[in-house]
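Start with the structure below, then read on.

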Amino acid sequence: MTVEEKARQIIKDIKDEQGVNPVRIFKRMAAKEYVNIHGPEHHILDGASILVAYHNAGGKLDLEESLERLLQEGLKMPGAMCGHWGICGAITSIGAVLSLIDGTGPLSNDGTWGDHMVYTAEAIAELGKINGPRCCKRDAMIAFKHGVEYINKHFDVHLEYEDQSCEFYDQNQQCIKETCPFFPRTNVVEQ
């Protein structure tokens with residue numbers, strides 16, 4: 001499947017997801033055979049997971065239209081942008097969702113433009129402290145943590161987030177194991 005075909009399948013399948021925990025939605029979707037452990041499909045999947053959770057929590061938006069707009073924005077983001085551009089696609093995907101929810105654009109002066117910059121800066125700073133190599137699943141967890149905090153603070157909805165344990169580490173050849181805050185602590189191997 002091409003990235004666009006994967007993205008369209010994500011949008012089709014994610015509409016059936018229930019619940020207000022974007023991480024649980026993400027994990028169910030990320031386990032599907034057409035979602036790679038790493039890849040630009042996460043630039044759509046991550047934002048779509050938080051968008052559906054927001055909608056399920058009572059957030060006011062046209063889900064169909066918002067998912068389509070997210071799809072278009074996510075497809076503009078190239079793969080490997082974390083390494084080549086210094087910005088993570090998971091974080092930008094959720095940043096795109098915040099802009100959709102708030103109606104923010106490049107000329108917005110209502111405070112949302114700056115609020116979104118703070119969200120991305122805080123999430124990127126946390127990723128920077130962890131360091132590479134890239135892991136689309138770890139990066140998504142960081143993006144979700146900050147995205148849920150932002151949404152719960154700025155909107156009249158409540159999304160769920162709890163401490164996570166990675167279910168994908170054994171598929172990641174570059175897993176940083178115990179250096180990752182999501183690596184299952186029961187699997188730590190003595191060095």
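## Cavities

Two cavities of 30 Å³ or more are counted. A cavity is a set of points on a 1 Å grid over the protein atoms alone, where a 1.4 Å probe fits but cannot get out. Lining residues have an atom within 4 Å of a point. Grid points are joined across faces, edges and corners, and a volume is the space filled by probe spheres set on the points. This is a predicted model, in which local features need pLDDT of at least 70, side-chain atom pairs count only at pLDDT 80 or more, and totals for chains, interfaces and linings use all residues. Residues are numbered from 1 along each chain as its sequence is written, and side-chain values use heavy atoms, with hydrogens and water left out.

The largest cavity has a volume of about 80 Å³. Its lining includes Cys135, Cys166, Tyr169, Cys175, Ile176, Cys180 and Phe183. By class, eight lining residues are nonpolar, one is polar and two are charged. Here Ala, Val, Leu, Ile, Met, Phe, Trp, Tyr, Cys and Pro count as nonpolar, Asp, Glu, Lys and Arg as charged, and the others, Gly among them, as polar. The second largest cavity holds about 50 Å³. Among its lining residues are Lys27, Met141, Gln164, Glu167 and Phe168. Helix α8 gives the largest share of this lining, three residues. Helices (H or I, at least four residues) are DSSP runs, numbered from the N terminus. This second lining has four nonpolar, two polar and four charged residues.

The largest pocket holds about 330 Å³ of space. It is lined by 15 residues, and Thr92, Gly95, Ala96, Ser99 and Met117 lie nearest its centre. Helices α6 and α7 are the elements that give two or more residues to this lining. The lining has six nonpolar, seven polar and two charged residues.

The second largest pocket has a volume of about 210 Å³. It has 13 lining residues, and Cys82, Leu127, Gly128, Asn131 and Asp139 are the closest to its centre. Two or more residues each come from α7 and α8. Helix α7 gives the most, three residues. Six of the lining residues are nonpolar, four polar and three charged. Asp139 lies in helix α8. Asp139 is buried, at 7% relative accessible area. Buried means under 20%, exposed over 50%, and partly exposed in between (1.4 Å probe, protein chains only). Leaving aside residues up to four places away in sequence, Asp139 touches Cys88, Ala90 and Leu127. Contact means heavy atoms within 4.5 Å.

## The nonpolar core

The largest nonpolar core has 56 residues. Such a core is a set of buried Ala, Val, Leu, Ile, Met, Phe, Trp, Tyr and Cys residues joined through side-chain atoms within 4.5 Å. Ile14, Leu45, Ile50, Leu67, Tyr119, Phe144 and Ile151 have the most contacts inside it. Helices α1 (3-14), α2 (22-30), α3 (42-56), α4 (63-75), α6 (89-102), α7 (112-130) and α8 (136-154) each supply at least two residues.

Take Leu45. Beyond residues up to four places away in sequence, Leu45 touches Ile10, Ile14, Phe26, Met29, Ala30 and Val35.

## Salt bridges

Side chains of opposite charge can pair when their charged atoms come close. The model has ten salt bridges. Each is a side-chain nitrogen of Lys or Arg within 4 Å of a carboxyl oxygen of Asp or Glu. One joins Glu41 and Lys6, with the closest N and O atoms 3.6 Å apart. Glu41 sits in the loop between α2 and α3 and Lys6 in helix α1, so the pair ties together parts that are 35 residues apart in sequence. Glu41 is buried at 1% relative accessible area, and Lys6 is buried at 10%.

Arg8 and Glu68 also meet, at 3.8 Å from N to O. Arg8 lies in helix α1 and Glu68 in helix α4, so this pair ties together parts 60 residues apart in sequence. Arg8 is partly exposed at 39%, as is Glu68 at 34%. Glu4, Arg8 and Glu68 are linked in a network of salt bridges. Arg24 pairs with Glu160, at 3.7 Å between the closest N and O atoms. Arg24 is in helix α2 and Glu160 in the segment after α8, so they tie together parts 136 residues apart in sequence.

Notes. On a 1 Å grid over the protein atoms alone, a cavity is a set of points where a 1.4 Å probe fits but cannot get out, and a pocket is an open set with protein on both sides within 12 Å along at least five of seven lines; lining residues have an atom within 4 Å of a point.
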